[in-house]
Amino acid sequence: MRSKFKWIFTLLLAFTMQFSFAQEKTVTGTVTDGKLPLSGANVKNGSRGVQTDADGKFAIKANVGDVLTVTSIGFEKQTIKVGSSNNYNVLLQGSQRTLDEVVILGYNQSRKKNEVTGNVAKVSGDVISKVPMVSIDQALQGKVAGLTIAATSGSPGSSQNIRIRGAQSLFAGNEPLYVIDGIPVVSGNVTGDTNASSLSILSSLSSDNIESMTVLKDASATSVYGAAGTNGVILVTTKRGKSGKTRFSATSTAGFQNNAVKGLRALTGAEKQTLLEDAVFNTYGASNGFTRSQALNYILNNVPTGTQTFVDWYNAGSKEYNWSGLMKNTDAPLYSLDINASGGDSKQSFYAALGYNKTEGTVIGTKFKRITASLNYSNQLTEKVKFSNNLSFSNIDQNAILEQSAYFANPNLTKYFMTPWANPYNADGTLNIDLAAQGVSVHNTKYLAENNITNNNLLRFLNNSTISYSIFKNLKFTSSLGLDYSLNAYRNYQNPFHGDGLNYGGYVEESYDRVFKYVTQNSFDYNFKLKENHKFEAKVLMEYWKTKYQGLYGFGQELTRPEFQYINGTSSNWSASSYYQNAMNLAYLGLLNYKFQNKYLIDLSFRRESSSRFQPENRIGNFYSVGTAWNINEESFLKNMESINLLRLRASYGTTGNAQVDINSYQSTIGSSTYNSGAAVSPSSYGANDKFLWEKANKFDVGTEFELFNSKVKGSLAYYKSVTFDMLQPSYPLSPTQGFDTQATNAGKMYNKGIEATINVDLLHKKNFNWSVGGNFTTLENRVTDFKYANGDLRNYTTGTRRIEEGHPMYEWYMRKWAGVDPATGSALWYINGVDGATTTNYNAAQVAFQGKNALPTFSGGLNTHLDAYNFFLDVSFYFAGGNKVYQDWAAYTSASSTRTTVTYNGTEDLLNRWQNPGDVTDVPKMEFVPSTFAASTSTRFLYDGDYVRLRDITFGYNFKGSSLKDLGFDGLTMSVRGTNILTWVKDSRLKYDPEVNASGITTLTTPPVKSVVFSINAKF
């Protein structure tokens, strides 16, 4: 009997073992999306899971009968029941469902889309890399509700004016904070000369290396950064390596660009002659007894003051000289090449990239070259310890121009100011540099572009090292050190033969500006559950950063030889200066996230920080936020409604601060000077009063998000209001008895409010045909609600065109109101009371008044559509903005009805519509031969509606597919052509210049925004 049982037991044991081993096996497979292997897809079997490698391959332990779940962001979930086969091919279908999309938030927090309580917007790296701009921030235009971008210059590499939900401060900084891979970095203009083309430090990054950019807008999202986040935050996440064999990608682009808008045309020589004859007749005809047709003879015989250049030109045959054409760099070429490699295994991964960009500006003298290199590496050192390091290097060489004001070396000025009667060339074909002897004050900029040097050369290193340690399952410690180092070498060489260097024997100035910022962060992350429904995530963090600014400047005149283009080649009037500044910030942060059944969410944050920009007793600021969300679609009464994929409400409230004032603004300082030919010191600033402290803002946001019909319709709607108070005012007026005009203090209050709406609709979603449309729209209302002196009296801040005053928007236009031209006399008219009614021909008798419009747009948005047809694709996007007024600067010169245009400089085509005879109805006064008139002085004559719509981008391309790619050794191949800023529609037909102006609302003599056509090819292998 015992032997029988033994035999049965042995048989059962063997069967059990056979069954067990037969069931436990390694299941392998490949996951694709119908186009390419899908790396990073999740394959899960119960609690066990793996990710596919770069070839889309996976291997996982499973038993026969187990169900494997395969998921990936942007694709429908698919299940596999394990059978006898050991290998499976999984084809995932594309999906518009994005509930599982991961959004990166402040301090490397990651949340699923339906877990976010703040107002955030994510733009993928695919969108960013396609925009042929050298600065990555320009790719966001029209893509994010509430974000407006205005070009300060179209010169390649120039910085941009970016505002998130409008300007938050009157006098302190309004630029958003940029955070790259979790580290707040230095941003802004780093040019060596504020008169030259600006240079954005963000242009040091290659768009091809960007994984995504996320814009944080409300208090729940931004208050974790305290004062630095008051103007919004833009998170930049760079690409990472993925497990699998090494994969390569190469992208090459080539194209050309021109000005997006032509602008007003400068007068030809013949047109200017006609206006000169008109002016002479209107001024001298009656008193000297000649008719309009006889004005030319009067000029030739009498040569009125300043007309010798015209007489010489006329007698030489009246040849036309096209200075505007000489200033253009028509079809300015641009080229870029980016190569990257990524790979790794289960423990470590890497991403390495090299890039080169060369872009020429649309006016002569501007060029931009950049090389970039980056290496991102991560390693799971042990089961508990993970290390990562992100390193990038870039070098920029920018040939700039002096374009930030009315410099005669500025080709944009030459285009409009240079008289067409002056010959650019000598008889032997060389460039004419004797213009001054011919009565011409503007330089020959063609010569200057070839013989002067205005150059920025920027080196930048970014490095972020992070190590994390899992103390136990739910508790993790993370420490990181971020380094941001930049060194800009600026050189301005002015030749001794012509231009600004002529009277000094030539001169050279050089400067070196170094910025070094380091950021340390140490944090603990802890998550836990109470029962099954209550989930908590907590973070405590300490952050310290210090920024050091150091610079050296040198100057010299009288070049010993023209070829000696550095300071050691000069021989007189040497001068030198240097500076050193630093700023520090220490902060402690606490975050708590609570979720109940994924229906109800609460985010709490509190930040306490100290800034060296304030007096020791005022350095500490406390900032907090509360964010809540209700996922209504998780409720039982909606959960079974298949048409509703996401429906949620969210709201947030919190405080942020602003410390963007000059370093040492609060201190009374002394500076070096001379006294009785000797060295001395003297007071240089009065310092701040004892109430100089943080500027603060209370921010409120409430909104809803929805996804319907299998996420084919997605959208959001939000209302926001931000109230800024205790505003930083660096120049508060003082009584003259104090010995100083101003001091720094806090005063004033204002608000911004509006609505934001986004919508995206998947109209068609077929196997070989997809079509989607989308858009966003934002409104902005701004009002200054408190602007008083210390004694309570109302005060104002007035520039030449705008005024800040309580009860009005910031920078509302403030000037005389134009009433047109008197049809009987051709004289200019203005409204006496500045509004309407009675008019006057006396400019000074007209009142200056508010003109009811702001310089900043009150609405903006974007529209887009995407079309896939078989292997072809088409993307089109528009950007629009308006509700504001744009003022045409320098019209007092280019549109003057006086000798400024007919003799001294040149004018623009609008003058051809001038009044000539009694009864003429026109908006351009009669021409007069006087040194200047008030007809073109500051008034609403040159104030235009700023509403415009721009075809921002249009891309057409082809994705190569099929076995032929594999035969050629490619995993993917895409070819496309892209046009940017191709067309612009302007509401006000009088506005001929580009409506996209900087935050001042004023057109300038900088290079306008550009339109481009770019061809690109991307290969993956």
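Guide: Let's begin with accessibility: Glu996 comes out at 8% relative accessibility, so it counts as buried. Keep in mind as we go that this is a predicted model.

The side chain of Glu996 makes a polar contact of 2.8 Å with the side chain of Arg950, and a polar contact of 3.4 Å joins the side chains of Glu996 and Gln141.

Now follow Arg950. Its side chain also meets that of Asp994 in a salt bridge, at 2.6 Å from N to O. Arg950 belongs to strand β50 (residues 948-960), while Asp994 is in the loop between β52 and β53, so this pair links distant parts of the chain, 44 residues apart. Arg950 and Asp994 are both buried.

Stepping back to the salt bridges in general, a search of the whole structure finds 31 of them. One of these pairs Lys595 with Glu115, with the closest N and O atoms 3.1 Å apart. Lys595 is in strand β26 (residues 570-596) and Glu115 in the loop between β9 (110-112) and β10 (120-124), so the pair ties together parts that are 480 residues apart in sequence. Lys595 and Glu115 are both buried.

Glu756 and Lys217 form another salt bridge, again between side chains, at 3.1 Å from N to O. Here the partners are in strand β36 (residues 749-765) for Glu756 and in the loop between β15 (210-216) and α3 (219-222) for Lys217, so parts 539 residues apart in sequence are tied together. Both Glu756 and Lys217 are buried.

For the nonpolar side of things, turn to the largest nonpolar core, which has 37 residues. Among the residues with the most contacts inside it are Leu276, Trp323 and Tyr416. The elements giving two or more residues to this core are α4 (269-288), α5 (295-302), α6 (308-315), α7 (323-327) and α8 (411-417). Tyr416 is a handy one to click on: not counting residues up to four places away in sequence, it touches a list that includes Lys262, Leu264, Thr894, Asn906, Tyr993 and Leu1005. Apart from that core lies another, of 24 residues, among them Met133, Leu202, Ile210 and Val215.

Last stop, the surface. Residues including Leu592, Phe606, Tyr624, Val702 and Phe777 form a nonpolar patch there, with about 930 Å² of accessible area for the patch together. The elements that give two or more residues to the patch are β27 (600-611), β28 (620-631) and β32 (695-708), and β27 has the largest share, three residues. Val702 is found in strand β32, and at 34% relative accessibility Val702 counts as partly exposed.

Technical notes: Residues numbered from 1 in each chain as written. Predicted model: local features only at pLDDT ≥ 70, side-chain atom pairs only at ≥ 80, totals over all residues. Heavy atoms only, no water. Patch = residues over 30% accessible without salt bridge, like charges linked within 9 Å, V, L, I, M, F, W, Y side chains within 5 Å. Areas by Shrake-Rupley, 256 points an atom, 1.4 Å probe, with all protein chains shown as cover. Salt bridge = Lys/Arg side-chain N within 4 Å of Asp/Glu carboxyl O. Helix = DSSP H or I, 4+ residues; strand = E, 2+ residues; numbered from the N terminus. Buried < 20%, exposed > 50% of the residue type's maximum accessible area, 1.4 Å probe, protein only. Polar contact = N/O pair within 3.5 Å; in protein donor to acceptor, adjacent residues only side chain to side chain. Core = buried A, V, L, I, M, F, W, Y, C linked by side-chain atoms within 4.5 Å. Contact = heavy atoms within 4.5 Å.
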